[in-house]
Structures are given as C-alpha cells and as structure tokens.
Amino acid sequence: MAEREEVSTPPTDTVAQLRAVLDGRWAHTRDIVRDQIQASDLVPMSGLSMADYRARMLDAMTAMVPLGFPADGFAVPHGGTGDVGAAVTAIETLGYGDLSLMVKAGVQWGLFGGAIENLGTERHHEKYVPGLIDLDVLGCFAMTETGHGSNVQALETTATYLPESHEFEITSPTPGSRKDYIGGAAEHARYAAVFAQLITAGPGEEPTGRGVHCFVVQIRDADGNDLPGVTTSDCGHKGGLPGVDNGRIVFDHVRIPRDDLLNRYGDVAADGTYSSPIESVNRRFFTMLGTLVRGRVTVGAAAGAAGRLGLTLAVKYALVRRQFSGPDSDDELVLLDYRTHQRRLLPLVARAYAFAIAQNEVVAELHELQSGDPADADPEEIRKLEVKAAAIKAGHTELASRAISEAREACGGAGYLDENRLSRLRGDIDVFTTFEGDNLILRQLVAKQLLTAYASDVSDLDAVGWIRFVASTVKDIALEKTAARQVVQTLLDDSDEDPENSDLTHPGTQLRLLRNREDHLLRTAAARMGRAQDEDADAQEVFTGTQDHLIKVGDAHIERVVLETVVDVIGRVTDKQTRTLLKRVRDLFVYSLVEDDLGWYLMHRHVSVERAKAVRRGVNELCGVLRPHAADLVDAFGVPDTALDVPMIRHG
C-alpha cells in the first residue's frame, strides 16, 4: 500500500472540503487540467466532420505539452519529471472534458510512451522519449489484432530475426493478424509499438519462437504516407470518440533495425542468440504486460471522471426541472424531490465517491512502484497492483457506463438531445468496458489470482493446468487481504462477528458483510473446481462451467477492496462535518450494494428477511438524508463550468 497520508481538509465550505478528499494527492494537477478544459472549451463537439474533429484533438494535445504533465510519466534521466501519479491524474481529469482527447493523450503518452519507457532501454529512451513528449514523435500502440484481442499471448504477427542484415522482419501472416482498432493508426501516428511473436536462432540452431515482444516500427514518413510494406486503413465512424483516428495496420515483410526491439526483458545478439533475465516464457510475458499496468489504471480513472460528469449533469438537471405539484400546493416539485428519482441517482453518486477514493489509492500505489528503480520493485507487490488495477478498472468503467446511461434516462427527452451532451457521452464511454482489458476477462483474472493466492509456481500453467492446481489445493484457499489497514482491523474487532446482530451503519459490520460474501464465494468456487480431481471430469469443462462463479468472486472482491479504502480514508478526514457527510455517503454505497445482491444474501442466509427489509428501508432513508446535500456532493467533483453549460440546465 502507498505511504499513508493525513487527509486534512481546509476549514472552508463543504464543497471545498469534499473536493480536497476526492482530488487527493495530485489536486494541483487536476486544477491545471480543469483550467485548460475551461479556457479551451475542451468539450464534445457537434457538427464537425471526422477530419476536423481529429485535427482539433491533435491541436489540443499540442497545447498541453507546455502544461508539463506529458513529461510527468517519464523518468528524469529520459527527459521527464518522474511524477507518474501526476501523469495519470492529468489524463484522468480530461474525462471531464472530451473523452476523444483523453484517449488520444493516453495512447501517445501512456501506451506508446509507456511501452518505450518501461520495455525499452537507454538507447530507446534517448532516441524516442524527448520527441514523443513534445509530439515530434507521434505513435500508436499496436497490440490488438482482428483475431486476437484479450488473448495477447496468442498474437499472430511475427518478428523474425535476419542475422545476415541485423534486422527484424515484421509480417502479418494471416488475415486475423491485422492490427485492429489501433488509436492513431488511421492518420496521425508515424510510429507504432508493435507486439509480435519473436522468432530467432543462434548459430547452429533452428529458428525458435520466444514469445510476444515489443518493437518500435516506423509506419509512415514525415508527410504521412505509408512506408513500403506497411498498409494502414481507417476504422471509420464508431459508436463514439469521433476525434480518435482508430485504424488498422498490415505488415508485409517490413524490415527494422535490430536495435528497435524493446529489449529490457529479452534481447537478440547480432548472431541471433536470444537472452533474457527471465527464463520462463510465460513469466516473461506477464512481467512485460505488468509494466504496462499504467494504461489500465488510467482508463479506469478517466472513465470514473466521465461518470461523475454524467451524474453531475443529471443531478443539476433534477434540481431545476419541475414536474407535477405536491400535495396541498400549486408549486411543481423538482425531480430530485421524488424518492424514485433520488433512488436513480444518489446511490450512483455514492458509488462514484467510493470508486474515486479507491482509484486515488491505486494511482498512488502505481506512482510508488514506477517512480523508483525497477530493479528494486517487489514482484509480489507488482502482482498485487496488477490485480487491484484490474479490479478497479473493471468496477469503475462498469459504474461509469451505468451511471451515464442512468443519467441520460433520468433526464428524459432532454438527456437524449445532442446539445445536452449525455447521449454523446454515453457513446464515448461505451468502449471503456472493452479496451485495456475486457471487464469480464478482468473479473475472471481477479478471481483466478485470489484462488491461487499469488502462487508463483502456477504462472506457467494453462487454463486446464490452473484448474487442476486449484482443485488440488482446495483446502488451502484463503481470502487474500490486499491491504494492511489498522483502522479496518480495529473496526472489525469492534463489531459483532455476526453481522445480523450489528448496526448496519457500523463500518465494521459493513466490512464484515462484504468480506464474508467474498470469502464464501471464493471457497465455494474452489470447491466446485474440486471436481477436476475426479478422473472422469474434464478440466476445461469445469473451468467453463465455473466462469459465472469466478465473475461473481471478482465483483465481490472489487466491492470489498473499495469499501476498505473508503473506510480508511474517511477515518483520516479531520473536519467533523465533512466526515459525517462522507459516512452517510459510505452507508448509501454499502446499502445499495447489498440491496442489488439481496437475492444472494438471502439465498445463502447471510441476512435475514427482516434485515433485507431494513436494507431497502435504509436506502430510502439515506436518499432522504443526502437529498439536501445533492448539489454540494456533485459540485465537489469539480467538473469545469464549460462542461456543464448545456441548455437543459440553463433553462430547466
């Protein structure tokens, strides 16, 4: 866990105090980006052609270079500032503006730049990093293929070493090996970080596949023309993100210098001899991907910002739009005075708070790991961060998608109008549940890591081998506690071991409820997999048959980790009034989670019927308690005024 910091909020108004908690360690960076969004009116636009929109985004990126944050993600010796947390926070905050810009910036400085920074060595840092910071080197991240998206290890693009010329030959051998959906590939990128199967042979050896590696490949000349052997094409119109030039790349025996292999984890000598500090192909592959975790963290964070923008628009509309008069009155009520409308929006606001706080911790942990010497990084801490990043990315993007969709519907016809931006925002956010890890895959990844308890001896196993490993160690499965938080342990010790007999507003009771659910799901998943020990059981069939269970484990883990972070952070807020309000937000977060899964809690007797009824009453009561604070709660998100300047709010 990142170093613990006191959260001391300034003694000003409620909004400022709440914002200090939400903005966290890199509040200054958030304000710089907010000011840029406001000054340049960086909001989704209507009426622009695709070409004009793309040009606008490139101009906006260029204007950001002097702000400093593009350099933050790179080490000082490479020409950056080494402030990884600031780099991620800046791109996250772009989610309050135009998500096309967030994606373009994330691809250039996060994905393309991150590949060179984290997978390359000194020769690559000197050659590429200064230019990619100031946009003299425009790049893209060419991992995904038409035939292989989530299954990166099975990519088909090949990079065959030719010792006679000291070059690699990059080839797309099948239609399915075409690089697809690549941001920047359609127009702006001149270079690509290409992931391909490395094939090489030392003297007297047969050519051998060494697994997926990354190469820097120039794909266009200075005038934007495809280089020989490279064929790019445009993905065209998409469901959203019109300013992102997604494209496709096909390679036909493209030669690149041997030095353009990003060789931190695997190198090829002039004579073709392969070497790596990591002997295992699988472990090497997952280590390489682990260094790129920043992209996953950034996507989750930016989605969260977009979700908060959508909720702010909907809540502000609900505070000005009137409909139907109340009893004994001729005055029409504002939408947010109706309990059903409160139930639509306020639990999502509570979840947005919870995930924003949890996201801040993930960014801080990423910063600590990637700001130091890579050689000093603890492999177990890296793995834990990978799991946590996958969990928060899946949960945060899922929340953002749901929140924006609910916000659109809660605004009725006004929400459907392009001028009010919610329909456009919904199109832009849609793909966030897919890229940087499909959420279903990520939730399974989280569950699998929990079931194997970070065991290093299973990193070489395929799905069948993994299922057999879990089955053989079923009695040893235990809930992995991801953070040593003294405040959490104290609260657990202070609560009744039976949540049924405790006050549900007690944080210890809330923690125990979510921990018990995760533990139950984890143990029963392991027990189901025990069938793989039966001689007649097909391990692959067992794996497929338990995927729904694994996803449930992943969801339970995500929610438990988020709650632990929220409890910890609230306990460090020094202002009593702010702390009390945040506790009610936390209560609504937990009550709404339990209500959403009441069927499971009842079926497995983790709550009684009476407690289930109390949960539903509690959601209503907490919505009523938070209703007077609704404006303050969303104002604390700090969405720039220009992003909220829409007709439905101006005119009610």
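The side chain of arginine 220 reaches the backbone oxygen of alanine 189 at 2.8 Å.

The structure is a predicted model, in which local features need pLDDT of at least 70 and side-chain atom pairs count only at pLDDT 80 or more, while totals for chains, interfaces and linings use all residues. Residues are numbered from 1 along each chain as its sequence is written, and side-chain values use heavy atoms, with hydrogens and water left out.

The mean pLDDT (the predictor's confidence in each residue, from 0 to 100) is 89 for the protein, and 89% of the residues reach 70 or more. Over residues 454–458, the pLDDT is below 50, and this stretch has eleven contacts in the model beyond near neighbours in sequence; a contact means heavy atoms within 4.5 Å. Where pLDDT is low, the predicted coordinates should not be read in detail.

Helices (H or I, at least four residues) and strands (E, at least two) are DSSP runs, numbered from the N terminus. Arginine 220 counts as buried because its relative accessibility is 2%; buried means under 20% relative accessible area, exposed over 50%, and partly exposed in between (1.4 Å probe, protein chains only). Not counting residues up to four places away in sequence, arginine 220 touches a set of residues that includes Gly184, Ala185, Ala186, Glu187, His188, Ala189 and Arg190. Asn225, Asp226, Leu227 and Thr232 are also among the residues touched by arginine 220.

A cavity is a set of points, on a 1 Å grid over the protein atoms alone, where a 1.4 Å probe fits but cannot get out, and lining residues have an atom within 4 Å of a point. Grid points are joined across faces, edges and corners, and a volume is the space filled by probe spheres set on the points. By this rule, there are five cavities of 30 Å³ or more, and the largest cavity holds about 90 Å³ of space. The lining of the largest cavity is formed by Met61, Val103, Lys104, Val107, Gln108, Leu138, Gly139, Gly183, Gly184, His188 and Ala189. Helix H6 (residues 99–119) supplies the largest share of this lining, with four residues. By class, five lining residues are nonpolar, five polar and one charged; Ala, Val, Leu, Ile, Met, Phe, Trp, Tyr, Cys and Pro count as nonpolar, Asp, Glu, Lys and Arg as charged, and the others, Gly among them, as polar.

Which residues of helix H1 (residues 14–23) are buried? They are Val15, Gln17, Leu18, Val21, Leu22 and Asp23. The cover over the buried residues of H1 includes helix H2 (27–40), helix H10 (339–371), helix H19 (547–570), helix H20 (576–596) and helix H23 (630–635). At the start of H1, a side-chain oxygen of aspartate 13 comes to within 3.2 Å of the backbone nitrogen of valine 15. Just after H1, glycine 24 has a positive phi of about 65 degrees.

Histidine 166 has a phi of about 60 degrees and sits in the loop between strand E2 (158–162) and strand E3 (167–171). With a relative accessible area of 41%, histidine 166 is partly exposed. Arginine 421, with a positive phi of about 75 degrees, lies in the loop between helix H12 (412–416) and helix H13 (422–429). Arginine 421 is buried, at 16% relative accessibility.

Two further loop residues make side-chain polar contacts. Asparagine 263 lies between strand E9 (254–257) and strand E10 (267–268) and is buried, with a relative accessible area of 11%. Its side chain pairs with the side chain of aspartate 267 at 3.1 Å. Serine 276 belongs to the loop between strand E11 (274–275) and helix H8 (281–290) and is partly exposed, with a relative accessible area of 26%. The side chain of serine 276 makes a polar contact with the side chain of arginine 284 (3.1 Å), and a polar atom of the serine 276 side chain lies 3.0 Å from the backbone nitrogen of isoleucine 278.

Terms used
On a 1 Å grid over the protein atoms alone, a cavity is a set of points where a 1.4 Å probe fits but cannot get out, and a pocket is an open set with protein on both sides within 12 Å along at least five of seven lines; lining residues have an atom within 4 Å of a point. A polar contact is a pair of N or O atoms within 3.5 Å; within protein, one must be able to donate a hydrogen and the other to accept it, and residues adjacent in sequence count only if both atoms are side-chain atoms.
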